[in-house]
Amino acid sequence: MYPTINEFYYRYKTHLKLLMDQNRTLAFKDAISRAVQPGDVVIDFGTGTGILSFFALQAGARHVYAIDETSIIEYAQKLAIKNTFNEKITFIRKSGKDLTTQDIPEMADIIVSEPISSLLIEGDLWSSIEYLKRFLKKSGLIIPKSGNLFMVPVKSSPRLFQDSEFVLGSNNTYKINFLALPRNVMYESFLEAEAWLSKPAPILNYNLQKDTLSDTFRNSVEFAFQKSGQLKGVLFYFEAEIFDDVTLSSRKYDQNSTYSPLFAPTPQQPLISIGDKLVCRVSHEILTPIKKLWTLEFEHHSKLASPEEKPIITKFQSQFNIL
Ligand SMILES: C[S@@+](CC[C@H](N)C(=O)[O-])C[C@H]1O[C@@H](n2cnc3c(N)ncnc32)[C@H](O)[C@@H]1O
């Protein structure tokens with residue numbers, strides 16, 4: 001099926017933004033130029049505009065299999081011709097899990113892919129990379145190498161969230177009930193480390209080479225509070241190693257970056273005292289190819305004045321649809 005003109009431009013704008021993010025794109029170029037050896041066979045999974053395939057050929061790859069399921073691949077093909085790379089690239093417009101040995105008839109030395117989102121895992125790219133490992137030599141490499149998703153409770157919220165509470169909340173100026181709107185969304189965050197109520201903790205860790213990659217996960221972390229304040233939500237950011245010493249992170253907000261720290265408001269905003277504990281269970285599932293659900297379950301263990309008394313435990317949970 002062909003995309004409508006709006007879908008096409010939405011997709012094109014996404015790829016333009018990826019290309020304009022020089023920090024991201026140069027990190028991949030650097031990683032590829034270090035990892036690819038002359039004569040290597042490379043799979044570029046999710047090729048988009050073909051940029052990572054072109055970097056692999058600049059680094060001396062013998063042949064690249066460039067895969068993408070969407071129409072953007074037509075532009076990758078046009079760029080390959082313009083840059084005289086076309087004889088060394090096989091373009092395959094397919095979904096990763098539909099690939100066969102007829103599409104990729106030789107074992108590859110390297111798989112390169114950009115499956116990273118602000119919440120680290122993106123669509124079904126991760127589980128498709130797992131599927132693609134069958135086309136990788138035993139000694140083969142995967143770029144990126146690993147990724148960690150971190151979470152930290154915070155005592156402030158980003159401006160956009162505060163404004164939306166004011167404009168769409170129960171006392172809103174329009175006198176309209178906005179409860180049917182999806183209020184549970186994550187917000188790009190500019191919050192600095194002063195807003196953190198504890199140390200960040202890793203909630204998801206993937207080594208692409210060693211781990212079995214999945215698009216769903218469930219994990220829990222415990223935060224011991226070192227500061228007091230009102231819990232407003234939690235912040236997510238990732239740190240990824242693209243290749244030896246080449247890293248990317250969304251920890252600091254940067255308006256030119258593809259990735260940003262994301263703030264998830266908590267449905268309750270308890271006062272936190274030093275010595276309290278917050279247990280968070282986080283799960284991620286895919287509802288449709290483009291709709292993902294993040295569920296956050298919280299347990300606030302509030303420490304009372306006397307150590308003999310049992311802590312009071314308050315539970316609350318929220319769900320976020322990420323489109
Ligand atoms: C984040 S973009 C990266 C594009 C390009 N590699 C770059 O670095 O600029 C991911 C690409 O993967 C493609 N993609 C996502 N899931 C896919 C799948 N299951 N099979 C094939 N392509 C997929 C998307 O269409 C998109 O073009």
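## Close-up views of a predicted model

**View 1. Tyrosine 259 and its surroundings.** Tyrosine 259 sits in the loop that joins β14 (246–249) to β15 (262–265). Setting aside neighbours within four places in sequence, its contacts are Ile116, Ser118 and Ser250. Threonine 295 is 36 residues from tyrosine 259 in sequence, and the two C-alpha atoms are 21 Å apart in space.

**View 2. The whole chain, for orientation.** The chain has 323 residues, of which 38% are buried. Its secondary structure consists of six helices and 19 strands. Along the principal axes, the C-alpha trace spans about 70 × 45 × 30 Å. Of the contacts with a separation of 6 or more, 75% are between residues 24 or more positions apart.

**View 3. The shell around the ligand.** The ligand is surrounded by 19 residues. Gly46, Gly48, Glu69, Gly96 and Glu114 are the closest of these. By class, the shell holds nine polar, six nonpolar and four charged residues. Helices α3 (51–58) and α5 (125–132) each contribute at least two residues to the shell.

**View 4. The contact between the two domains.** Domain 1 covers residues 5–114 and domain 2 covers residues 147–322. Their C-alpha centres are 33 Å apart. Where the domains touch, domain 1 provides eleven residues and domain 2 provides eight residues. On the domain 1 side, the elements giving two or more residues are α1 (5–20) and α2 (22–35). Helix α2 has the largest share of that side, with eight residues. The domain 1 side is made up of five nonpolar, five charged and one polar residue.

**View 5. The largest nonpolar core.** In soluble globular proteins, nonpolar side chains tend to be buried together. The largest nonpolar core in this model has 82 residues. Within this core, the residues with the most contacts are Ile32, Val42, Ala56, Ile111, Ile143 and Phe236. Strand β13 (residues 233–243) gives the most to the core, namely eight residues. Domain 1 (5–114) and domain 2 (147–322) each supply at least three residues to the core.

**View 6. Alanine 56 and its contacts.** Alanine 56 is one of the residues with the most contacts inside the largest nonpolar core. Which residues does alanine 56 touch, not counting residues up to four places away in sequence? They are Ile32, Val36, Val42, Asp44, Ala61, Val64 and Val112. Ile32 and Val42 are also listed among the core residues with the most contacts.

**View 7. The two sides of helix α4.** Helix α4 spans residues 73–82, and its residues Ile73, Ala76 and Ala80 are buried. Viewed down the helix axis, the buried residues of α4 fall within an arc of 45°, so they line one face of the helix. The cover over these buried residues includes β2 (63–67) and β3 (89–92). Glu74, Ile81 and Lys82 are exposed on the other side of α4.

View 8. Threonine 84 belongs to the loop between α4 and β3. Its phi is near 50°, which is a positive value in a residue other than glycine. Is threonine 84 buried or exposed? Threonine 84 is exposed, because 9 other C-beta atoms lie within 10 Å and a residue with 12 or fewer counts as exposed.

View 9. Leucine 120 is in strand β6 (residues 120–121). Although leucine 120 is not a glycine, its phi is positive, at about 70°. Leucine 120 is buried, because 25 other C-beta atoms lie within 10 Å and the cut-off for burial is 20 or more.

**View 10. The cis peptide bond at proline 144.** The peptide bond running from isoleucine 143 to proline 144 is cis, and its omega is near 5°. Proline 144 is in the loop between β7 (136–143) and β8 (146–154). Ile143 is also among the residues with the most contacts inside the largest nonpolar core.

Notes. Residues numbered from 1 in each chain as written. Predicted model: local features only at pLDDT ≥ 70, side-chain atom pairs only at ≥ 80, totals over all residues. Near = placed C-beta within 6 Å. Helix = DSSP H or I, 4+ residues; strand = E, 2+ residues; numbered from the N terminus. Nonpolar A, V, L, I, M, F, W, Y, C, P; charged D, E, K, R; others polar. Domains from an automatic or database assignment. Contact = placed C-beta atoms within 7 Å. Core = buried A, V, L, I, M, F, W, Y, C linked by C-beta atoms within 7 Å. Arc of directions from axis to C-beta.
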